[in-house]
Amino acid sequence: MIRSVQKGFTLIELMIVVAIIGILAAVALPAYQDYTVRAKASEMILAAARGKTAVTEFYGVNGPLPAASSLVLTSQATKYVASVVQSAGIITVTGATAASGGDANLSGATITMTPTAAGNGVLTWACSGTVAAKYRPASCQ
């Protein structure tokens, strides 16, 4: 009597593998989506960096923080950033709308960078805004 050797996987084994992949995908997909929104929020912080440099330089040269209209920032609009505005040293970055390519979680949301004189010509920056805390970078919590 000749026995044939079984080759391949059984249906149960294949179903277990598919179930494991499904569970992993269900956990990974929301984490990945949050990660992409955080990356877009980081771009908003990067857009404010140029304004922070301008305000810090103005403060270092002139002493007080700039008046509302004494320091004009050039447009920093990108795919995820609608505008960057400076008023009395406070920099406000607004997220682009989803219709213009931005993220729905950041659409119209703001990140505000507020300077405070720490003495000896040094400014410290406080970060706030309407972007949900879970999406803001660690430097802006």
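Modeller: Before we start, buried means under 20% relative accessible area, exposed means over 50%, and partly exposed is in between, with a 1.4 Å probe and protein chains only. This is a predicted model, where local features need pLDDT of at least 70 and side-chain atom pairs count only at pLDDT 80 or more, while totals for chains, interfaces and linings use all residues. Residues are numbered from 1 along each chain as its sequence is written, and side-chain values use heavy atoms, with hydrogens and water left out.

Colleague: Fine. Which residues of H1 are buried?

Modeller: In H1, that label goes to Val 37, Lys 40, Ala 41, Met 44, Ile 45, Ala 47, Ala 48, Gly 51, Val 55, Phe 58 and Tyr 59. They pack against strands S1 (81-87), S2 (90-95), S3 (110-119) and S4 (122-129). Helices (H or I, at least four residues) and strands (E, at least two) are DSSP runs, numbered from the N terminus.

Colleague: Leu 46 is in helix H1 too. Why is Leu 46 called exposed?

Modeller: Its relative accessibility is 63%, so Leu 46 counts as exposed, the cut-off being over 50%.

Colleague: And why does Ile 20 get "partly exposed"?

Modeller: Ile 20, also in H1 (residues 11-62), has a relative accessible area of 47%, so it is partly exposed. Ile 20 also belongs to a nonpolar surface patch with Ile 12, Ile 16 and Leu 24, with about 410 Å² of accessible area together. Areas come from the Shrake-Rupley method with a 1.4 Å probe, and for residues only the protein chains shown count as cover.

Colleague: What is the bend in H1, and where is it centred?

Modeller: H1 has a kink of about 25°, centred on Ala 49. The bend at a residue is the angle between axes fitted to the seven residues ending there and the seven starting there.

Colleague: Over to strand S3, where Thr 110 lies. Why is Thr 110 called buried?

Modeller: Thr 110 comes out at 19% relative accessibility, so it counts as buried. Leaving aside neighbours within four places in sequence, its contacts (heavy atoms within 4.5 Å) include Met 44, Thr 92 and Ser 128.

Colleague: Last one: what makes phi of Ala 88 worth a remark?

Modeller: Phi of Ala 88 is near 55°, a positive value in a residue other than glycine. Most residues other than glycine have a negative phi. Ala 88 sits in the loop between S1 and S2, and at 36% relative accessibility it counts as partly exposed.

Technical notes:
Patch = residues over 30% accessible without salt bridge, like charges linked within 9 Å, V, L, I, M, F, W, Y side chains within 5 Å. Salt bridge = Lys/Arg side-chain N within 4 Å of Asp/Glu carboxyl O.
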